[in-house]
Amino acid sequence: LWVARPVLVGGGLRINLDGVDGRGVLGTFAAVSAAALVLGVEYAIGLLAAALVKSAGHLVGHRLVGDADAEFRLVPFPGGPEAAGATPRDDLGAFFILLMGPGLGLAPMVAAFALGHVLAEPAPALAESFRAYALAAGALNFVSLLPLWPLAGGRLVQLMVEARFPR
């Protein structure tokens, strides 16, 4: 959160709703509904919240590398975080943006795990909601960082290999 401080304090996470269309809203609703059927409502809502935090992390990354025109988007799977703004000028910027998505989600995930444990006796339903978010955030970020090509982890590995072996 300290790294993201300049963007967060400067109002850099303002959300522009100009690009929202019916297909995106229906697609998100369908995805959350399918997740709710498979995982349960609490985990589906936790997964949606984790995806929003992850997208906010990519936006913060774009803003910190100098892309002031980047937009907040809940990016579909194949596009990756680069769809939120301009392509970074260098590989280090791209690496930073890719890591900021899961990186910004670490603090809320740890806080949710802690609150789930602390509130287990006084408020069990609320504790379960915090645990559901924490598990969804951990799973989303873990899968995102797997070194498989369409995922952010695959792109990170590609950037590391290209840095060492340019050809």
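Guide: V157, M160, V161 and F165 make a nonpolar surface patch of about 380 Å². Patch residues have over 30% relative accessible area and no salt bridge, and nonpolar side chains (Val, Leu, Ile, Met, Phe, Trp, Tyr) are joined within 5 Å; a salt bridge is a side-chain nitrogen of Lys or Arg within 4 Å of a carboxyl oxygen of Asp or Glu. Areas come from the Shrake-Rupley method with a 1.4 Å probe, and for residues only the protein chains shown count as cover. M160 belongs to helix 6 (residues 152-164). With a relative accessible area of 48%, M160 is partly exposed, a class between buried (under 20%) and exposed (over 50%).

The model is predicted: local features need pLDDT of at least 70, side-chain atom pairs count only at pLDDT 80 or more, and totals for chains, interfaces and linings use all residues. Residues are numbered from 1 along each chain as its sequence is written, and side-chain values use heavy atoms, with hydrogens and water left out.

The protein chain has 6 helices and 0 strands, where helices are DSSP runs of H or I with at least four residues and strands are E runs of at least two. Of its 167 residues, 31% count as buried.

A50, V53, K54, G101, G105, Y133, A137 and N141 line the largest cavity, a set of points on a 1 Å grid where a 1.4 Å probe fits but cannot get out, with lining residues having an atom within 4 Å of a point. Helix 3 (41-64), helix 4 (91-118) and helix 5 (124-144) each give two or more residues to this lining.

Key. 1 Å grid on protein atoms, 1.4 Å probe; cavity = no way out; pocket = protein on both sides within 12 Å on 5 of 7 lines; lining within 4 Å. Patch = residues over 30% accessible without salt bridge, like charges linked within 9 Å, V, L, I, M, F, W, Y side chains within 5 Å. Buried < 20%, exposed > 50% of the residue type's maximum accessible area, 1.4 Å probe, protein only.
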